[in-house]
Each structure stands twice: as structure tokens, then as C-alpha cells.
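The sequence and the model come first, and the description follows.

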Amino acid sequence: MEPVASKPGFLKLKTSGIFSAIKFEPAIVDNVKSFMEQTSSSKYVSTLKLKQIAAKLVQFKDSKGHVKAIIGELFGASDVKVVHFEEIQGPSAMLTISLSYSGGHLFNVSIDSVPAVKLTYWPEIASTWRTRQRHWPTPGIVETIVQDGCHIVLKTSLGGDEDNEWRLSFSLAEKNLAKHRSSIQRESYFIVKALFYAHLKMEIEGQCLPSYVIKTIMMWACEEQTDSFWEFNNLVDIVGVILEKLEVCLEVGELPHYFIPEINILEAMPGQLMNECKVKLSAIKKEPHTYIPSHVPAIQEFAATLGEKMEQGLQLVKLIKKFTKL
């Protein structure tokens, strides 16, 4: 691997010996064989070609109509129609399955397939995450996450080489961290994310504030705040502190990446977009109870109900994934 100069977290994969080092899933070996042959004459592994191959590999197959039958039974429809299409979005190949019947459209299910290479070690550029002082998570959890390693995915830096660049991905670490949040931390994150989609997810100059900003703000808040902060403050006050941190980041135009602080997540965000988000945040802070439900038991009950609905939805997605092949 070769780091991209002045682009922390981005790198290029040299072709020399790379395919003997990577363990491919048996089901896709034949599909990447021609790609491997084409790439062997190049210096770097082409991310653009890999994306194109991934888009072709993602397929939805329901030749016996199992999905149609189950969806039809759930919605009382005998004429369920399934339409699917594939497209490349950022580092992923997205498969969208649209379900409808004579009475109208039912819903869409989108499945992202992200070509990735697993690193069995923790990258040096993220070494400070392992050793810095924190209130969360515990040292034991930190070591477990470090031992699990991370991935590299097909993502280009701002103004970078679209054909050859990869980016370090810590999504596995983020999932593990999410499992170790307290109940009040989970509820706080749920509310902040809901506020984000309701009031901050606006498009200006062709760009939106990415949801990853909220995830990052929350991870920093969990790390920096003491146990007593989460234990003795009410939910509205906790959300207010998290939103205030976001407001400060938007004010200075800088939000450090949680694992690689040298990366500024807000680097490419238009100034007007950040200003508009600050205006919305200011309104929420002035009248928090207008935007944030203040009755904690009601929030907890809603979150529990949402959890049940999400579980039902996940079961449906798992069913559809059975008929989706990569």
C-alpha cells in the first residue's frame, strides 16, 4: 500500500503481489479473473474498474416468485410486481428493489454492496486513537476493536485520483462502538439524528451535510463526557450539549475524524450550507422543547416501538437478501 501524499487516510494499492495476498470469496473468483488479468500490467489496482464489476455482480434472483408470494401475503395483494436496478454510488454498488401492485407503490429496498479489503492490523495513522485519554470506551473494548482491524474501500479524496485511490474505513469499529453505548447515549443519538433529518438535511450548492457528521459528533461526545454527565442530566440537556458541539464545529468549519483527527470531515462543505445549519441549530437551542419531546418515558416507549418495527423491517430485508447474489 502507498499513502496518498497530503491526504490522510487515503492510499493506493500496488498490483505487485496483491492478488496472491487477497482472499476472494469463491463465488466471485471467476468474475474478477479478467479484472486481475487487466490490472496486472498496471502499477495500481483500479478502483473505477472494481466499482463497475461490483455493479454487474449485484443481482436479484427470484425465479420461483418466493418474494412476490410473501410480500403479496403481507399486503393482501395478488399482483405484486418486482423491479430492480443497479447503480454506482460513491464507494458502493447499490441494488434498489422496487415493489408495487395494482393499488400503487409499496416500498423500495436498497442494498449497498461495498467492495472492501480487510486489513488484519490497525493502521499507523490511527495509532493515536488507541492511546489517547478518554472516558469511553473502556481500554478492553479499545483493544478488541484494534485487534479486529479495519477495511479499505473504493473512495476518492477531494480532487484526487478517481481511478486508483482507496480510503481507510472504520465502519466495523463504529458498529462495535455502537454496541457499547449506554441506553441514554442511544436515546440521545436517536433524537439528534431525528433532528438532523428533520431540520438539517438540506441541499445547498448541490451538497448536503452528511449523516456521518452526526455519527462522528456522537462518538466524540461519548468519549469526552464523563459518566456523571450521562447519568445526572436530563435528555433534553444532553441533546443540547451535543448540538452545541455541532454548532461550534460548523462555526469554525472543522470536525476531526474520530479515528484520524488529521482529517476534517467538513473540509468540502460549502460555507452557505454550514451557515444555514447553524441558523437551524440556533433556533432549536432557543426553544428546545418545541423541537425535542421533553417527556423521557414517552421517548423511551417510542424508541422501543421503533426498535420492534425496525426488527420486522430487518427480517424483510434479510428475506430479500436471500435472493440477492454477489
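Glu247 lies in helix α11; helices here are DSSP runs of H or I with at least four residues, strands are DSSP runs of E with at least two, and both are numbered from the N terminus. The model is a predicted one, in which local features need pLDDT of at least 70, side-chain atom pairs count only at pLDDT 80 or more, and totals for chains, interfaces and linings use all residues. Residues are numbered from 1 along each chain as its sequence is written, and side-chain values use heavy atoms, with hydrogens and water left out.

Glu247 has a relative accessibility of 18%, so it counts as buried (buried is under 20% relative accessible area, exposed over 50%, partly exposed in between, with a 1.4 Å probe and protein chains only). Leaving aside residues up to four places away in sequence, Glu247 touches Lys278, Leu281, Ser282 and Lys285, where contact means heavy atoms within 4.5 Å. The side chains of Glu247 and Lys285 make a polar contact at 2.7 Å. Such a contact is a pair of N or O atoms within 3.5 Å; within protein, one must be able to donate a hydrogen and the other to accept it, and residues adjacent in sequence count only if both atoms are side-chain atoms.

Helix α11 (residues 235-252) also meets helix α9 (residues 212-224): their axes come within 10 Å and cross at roughly 120°. That makes α9 oblique to α11, because angles under 35 degrees count as roughly parallel, over 145 as roughly antiparallel, 65 to 115 as roughly perpendicular and the rest as oblique. The axes are lines fitted to C-alpha atoms, for helices over the stretch in contact, and angles run from 0 to 180 degrees between N-to-C directions. On the α9 side the contact includes Trp220 and Glu224, and on the α11 side Lys245 and Cys249.

A cis peptide bond joins Trp136 and Pro137, with omega about -5°. Pro137 sits in the loop between α5 (127-131) and α6 (139-148).

The protein chain as a whole has 14 helices and 12 strands. Of its 326 residues, 43% are buried.
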